[in-house]
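Let us walk through this structure one piece at a time. Keep the sequence and the 3D view side by side.

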2 protein chains.
Amino acid sequence: MDTVSSYIQSHRQAFEDDLSAMLRIASVSADSRQRAETRRAADWMVEQFKQLNLATELVETAGHPLVYAESPPVPGRPVALVYGHYDVQPPEPLDEWISPPFEPTVRSGNIYARGATDDKGQMLTHVKSAEGWIKSVGKLPIQVKFLIEGEEEVGSQHLAPFVKQNREKLACDTIVISDCGQFAPGVPAITYGLRGIAYFELRLRGPRQDLHSGTFGGAVTNPAGALVTLLSALKDKDGRIQVPGFYDDVVPLTERERDEFRALPATDAEFMQQVGVTDMWGEADFTSIERRWARPTCDINGLTSGYQGEGAKTVLPAKASAKFSFRLVPKQDPHKIGAALRKFLDERLPPGIQMELIDHHGAPGVVVPLDSPYIRAAAKAIEHGFGRAPVYIREGGSIPIVNTFTRELGADALLLGWGQNDDNTHSPNEKFSLDDYHRGTLASAHLWQELADTPPRQVLRGE
Amino acid sequence: MDTVSSYIQSHRQAFEDDLSAMLRIASVSADSRQRAETRRAADWMVEQFKQLNLATELVETAGHPLVYAESPPVPGRPVALVYGHYDVQPPEPLDEWISPPFEPTVRSGNIYARGATDDKGQMLTHVKSAEGWIKSVGKLPIQVKFLIEGEEEVGSQHLAPFVKQNREKLACDTIVISDCGQFAPGVPAITYGLRGIAYFELRLRGPRQDLHSGTFGGAVTNPAGALVTLLSALKDKDGRIQVPGFYDDVVPLTERERDEFRALPATDAEFMQQVGVTDMWGEADFTSIERRWARPTCDINGLTSGYQGEGAKTVLPAKASAKFSFRLVPKQDPHKIGAALRKFLDERLPPGIQMELIDHHGAPGVVVPLDSPYIRAAAKAIEHGFGRAPVYIREGGSIPIVNTFTRELGADALLLGWGQNDDNTHSPNEKFSLDDYHRGTLASAHLWQELADTPPRQVLRGE
């Protein structure tokens, strides 16, 4: 292990250079104009794995390609599957970036670029830890499989069929994912719960085209007016979602969880300062951490209608649309909620308005059992990498594919986040701490060793 | 009069060429990038008046310049002040124009361009009728003053001070404005009522910057959510505006007006086909014409927040804004309504949201007395130009400056609209019928003669 650690220590600059190179690629999967860049990111990953002599494949899909690579089997030892993604969120609004989103720039020990933390930087720690083992010791102590996709930010629709059709190839004892965060700077964490998602776009059409709001206003339904009425009906004044049946399958928080959350080193004042709000608000009778980690929500993600330019334009818009999404907790079914939502909106649609409801993507939430030897192995590895034991937390975001992995491969996920809450994921000025990049790489290198010391699942199960 | 009519008849092509030239100028007053084009339109108007040997001035303001011109006084005859505007609405959305907004194109007898009907085409009829008199007879039968501004579409803020400071220069017996419509094709109209306006922009800010909607959603107020909640509170389900005191000063429609409106040759089916809606909706207990002409309304003119691009982005937006406006009827005071609105919104502002309410512009509504000799003169002129007597209507749109003229100059306005309801004012594919352009010019030429046969105001008042 010392040989591996020394290699990692002495290659910090090279690892940073590789991260920068990857961050220069504008692999925005949602943007069809960036198709070539997105493929270039896949090709770049293939090159990384080939340089480690891993068996590597570029797997074509109807969308962006998958990259798969594996090290040789190590009999009697567990197999780890690393999942990550090379695609990134759109960088807009561009004018709020201090340095351009695809020109990685280091300031105060952080590297700023779209994808720095989500997920290029975090994902690369596992590639670089494999490099540490292979280039110093000659091989990894367990078999590590890498599955890196390019559609995580647009719903991973081609990954699930691939997993389903390649159960044997992907067979593993644990799934390693670094696409979330530490609890706080210096407080590493293992995430045992994720929220699910159901993301929709509502498009309303009224008159054939934009009308003069003076000449026509008052006699036809304004689509923007209909939109605000429909969207505001989704929640009551206490923040409770009004779609019938929405809360039916919600698993309540246990008292033990509520106690543990309350014990975490965090205050509402810090949170407000972090996100820059003057006050907090959310569902009645829950703490801020509970609202973010373990309660379902509905948020508007975008609104567009009519005149949005400078000054005033007296127009009655022909159309109005909104992107909005529900965050779900384990047991809530995105399909069931989508159907209930459609009915809810249909029943309230005002006269003279045509509605289109687009179901962008959905995934249920996840909770991982804590009493697993792989969780213990990961905790030890994190202690080696970060110098202290992790806390156990949940996360409000979604990694939709985790459900698929668990269902298809029978293994649970190790959600080992190296990011920070203020990394500006999905926002302008996304960043990743270079120290966390290197600590994550070291923790990952230890993880392969700790897993090598842990029996495979069939042994654990007494098979 | 025959000499004048012949001149107008034989100069149709030249008049159309001048209209095209004017429509090529992108004088979008709301768009600071079009400042030079807007000035070019003012210069073009100056040239028009100079060619008629009128005393002409370009009047600088802190915004876009005014153009003023006048023909020589004719003692013992009334003075007419023609008001119009050379600025136009923004042309967006550009991709919905069949031919580009500033490349005037004739299709089926209509000229398509931004400003064709509002107000370049209509305003030019009075310039061309003056040309008809001056170039054929040698002079106008009454004194005509022209006041053409470049800020009508952005609130006319520099016109009112000019009028106030130039009461003597602008002294007149009647104010001629062609910036509205006929009742229907072949049914010319005199508009005796206009709605007022109070136009606002509401800007909400929540977190310092856009946040990941998964990690943070549920614990902070979403500005887009706050926006839809505030906007939807403005109206109840019957379309009644909820701002306290909003209806206090509304003058109810008389039974006679309601009867006359019902007698007009119009059906709801035609209206729905015209604007391309499948159903109508508005304030309970009023007909469609009443809702458009004589009832106050509130319409959202634009919405913007968060991610509006292709696909899905899981963002909790830092800000959200809306442009929206009330249409007012006579006696409603835009300032009083603005103050009540601010209070209404303030009281409902959710925690963690900062609000900015911008008051873009306001003007009260107008009703012109019908029992005036100038209205009778205009009716005769219209019958000469269009071949049939006008109907008397109101209009839902606003010409904010009419109030200022009436207050400062003591004269009422003759609202003689040559446009059609389907001219796409403020919308893509704005148009103006070339036949109406020529009929309007002929009616205007007759108007100068009919006014010459009508006593000035001081004679009418027995002074």
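Two strands pair if DSSP finds at least two bridges between them. Helices (H or I, at least four residues) and strands (E, at least two) are DSSP runs, numbered from the N terminus. Residues are numbered from 1 along each chain as its sequence is written, and chains are lettered from A and ligands numbered from 1 in the order in which they are written. This is a predicted model, in which local features need pLDDT of at least 70, side-chain atom pairs count only at pLDDT 80 or more, and totals for chains, interfaces and linings use all residues.

How far does the predictor trust chain A? The score to read is pLDDT, the predictor's confidence in each residue, from 0 to 100. Chain A has a mean pLDDT of 95, and 100% of its residues reach 70 or more. For the complex, the predictor gives an ipTM of 0.78 and a pTM of 0.78.

Start in chain A with strand β1 (residues 55-59), which is joined to strand β2 (residues 66-70) by five bridges. The two run antiparallel. Six residues lie between β1(A) and β2(A), and the two strands form a hairpin. Val59(A) has Leu66(A) as its bridge partner in β2(A). β2(A) also pairs with strand β6 (residues 143-149) of chain A, through four bridges and again antiparallel. There, Glu70(A) stands opposite Lys145(A).

Is β2(A) mostly covered or mostly open? A residue is buried if 20 or more other C-beta atoms lie within 10 Å of its own, exposed if 12 or fewer, and partly exposed in between, with C-beta atoms placed from the backbone. β2(A) is mostly covered, with five of its five residues buried. In a regular strand the side chains alternate between the two faces of the sheet. Here, Leu66(A), Tyr68(A) and Glu70(A) point one way, while Val67(A) and Ala69(A) point the other way.

Now look at where the chains meet. Two residues are in contact if their C-beta atoms, placed from the backbone, lie within 7 Å. The contact takes 83 residues from chain A and 84 residues from chain B. On the side of chain A, strand β11 (residues 297-306) gives the largest share, nine residues. β11(A) pairs with strand β11 (residues 297-306) of chain B in the antiparallel sense, over five bridges. Thr304(A) has Thr304(B) as its bridge partner.

Move to chain B and helix α2 (residues 12-23). Its expected span is 1.5 Å times one less than its number of residues. For twelve residues that should be 16 Å, and the end C-alpha atoms are 17 Å apart, which agrees. Which residues of α2(B) are buried? They are Phe15(B), Leu19(B), Met22(B) and Leu23(B). Seen down the helix axis, they fall within an arc of 100° (taken from the directions from the axis to the C-beta atoms), so they line one face of α2(B). On the other side, Gln13(B), Ala14(B) and Asp17(B) are exposed. The cover over the buried residues includes α3 (35-51), β5 (110-112), α4 (116-136) and α14 (434-452) of chain B.

Zoom in on Leu23(B). This residue counts as buried because 27 other C-beta atoms lie within 10 Å. Leaving out residues up to four places away in sequence, Leu23(B) touches Pro104(B), Ala113(B), Gly115(B), Ala116(B) and Lys120(B).
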